[in-house]
Amino acid sequence: MDLCVTIKGVSFLLQTGVGILGNTVVLLAYTHIVCTGPKLLPVDMILCHLAFANLLLLLTRCVPQTMTVFGLKDLLNDPGCKVVIYAYRIGRALSVCITCMLSVFQAVTITPTGPYLSRLKPSLPSLVLPTFAGLWLFNMAICIAAPLFSMAPRNGTVPAFTLNLGFCHVDFRDNLSYVINGVAVSGRDFAFVALMVGSSCYILLLLHRHSHQVKGIRRSQGGGAETRAAKTVLTLVVLYVVFFGIDNVIWIYMLTVAKVSPVVADMRVFFSSCYASLSPYFIISSNKKVKAKIVCAAEHEQPSADTQDSNDK
């Protein structure tokens with residue numbers, strides 16, 4: 001195994017391990033909150049769903065990618081490729097859509113109540129679950145082309161207009177199918193990112209314009225929690241936009257060539273998965289509920305370890 005393959009394999013392994021651990025911790029923390037306390041707030045529901053989407057992305061893309069880099073072959077047959085690629089596409093789509101949903105929800109939440117929002121704000125919690133269902137159905141429809149063209153790798157040369165994922169091939173057969181799929185996926189992503197960036201800029205504008213009012217709300221109505229939540233949302237949006245930009249620069253290049261180098265495809269996979277790996281740690285560091293559950297679990301384990309050491313002595 002040469003140095004380049006080793007570096008690539010270790011990078012994917014670290015990214016996958018760190019991402020799966022972080023998103024699993026977030027999901028377990030929220031599960032414990034649900035089991036021991038009241039219902040989750042809407043923002044917590046969105047963050048929990050975001051962690052699930054990111055975990056789905058990592059399991060269906062980075063895990064097989066890591067195994068392929070280290071030389072494992074024939075991981076999946078044709079039906080397996082169709083299921084894994086479809087699940088990956090849905091997970092990736094949900095990641096951007098739910099981040100956008102989080103940004104829009106937070107923008108509406110901190111907007112001063114007016115005649116138009118006086119009816120909308122009280123109904124926001126009841127809209128969260130229907131929005132999740134709508135996003136799932138929408139992305140399942142948009143991503144339906146991917147499994148139709150997915151197959152296990154074949155011996156011999158890779159045909160033109162084929163995305164070589166290593167463990168699977170996505171063969172679009174002709175240039176028209178290749179471009180239509182790329183435009184549909186990119187168009188959806190750019191639309192949600194534009195809405196995400198717009199709502200985030202609006203949040204920044206509100207925090208800047210009404211800093212004194214926000215301080216007053218913080219003292220009287222607990223607005224500090226809303227401000228912290230807004231800052232968390234802005235951080236997640238910036239993180240997503242950075243990696244989204246790198247991902248799509250590579251994707252646009254891939255659309256312009258008939259045969260895509262596996263190295264280029266690996267670079268795109270790595271950068272497109274960075275958000276899924278890093279975002280849970282921003283959630284953990286900024287969300288008091290999640291952090292408290294993790295600290296409580298760590299403190300609960302510590303006395304047990306100390307007792308065991310005493311017994312051994």
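What follows is a short chat about the packing and the helices.

Q: What should I know before reading residue numbers and contacts?
A: This is a predicted model, so to speak of its rules: local features need pLDDT of at least 70, side-chain atom pairs count only at pLDDT 80 or more, and totals for chains, interfaces and linings use all residues. Residues are numbered from 1 along each chain as its sequence is written, and side-chain values use heavy atoms, leaving out hydrogens and water.

Q: Thanks! Which residues touch the most other members of the largest nonpolar core?
A: Tyr 30 and Ile 46 do, in a core of 52 residues. Such a core is a set of buried Ala, Val, Leu, Ile, Met, Phe, Trp, Tyr and Cys residues joined through side-chain atoms within 4.5 Å; buried means under 20% relative accessible area (1.4 Å probe, protein chains only).

Q: And which helix gives the largest share?
A: That is α3, with 14 residues; helices here are DSSP runs (H or I, at least four residues), numbered from the N terminus.

Q: Is Ser 103 buried or exposed?
A: Buried, because its relative accessibility is 0%. Ser 103 sits in helix α3, residues 78–110, and its contacts (heavy atoms within 4.5 Å) include Met 196, Ile 203 and Val 237.

Q: Switching topic, where does UniProt put the transmembrane regions?
A: The unreviewed entry lists residues 12–34, 40–59, 127–149, 229–255 and 267–284; these annotations may be inferred rather than shown by experiment.

Note on methods: Helix = DSSP H or I, 4+ residues; strand = E, 2+ residues; numbered from the N terminus. Buried < 20%, exposed > 50% of the residue type's maximum accessible area, 1.4 Å probe, protein only. Lists of a residue's contacts leave out its neighbours within four places in sequence.
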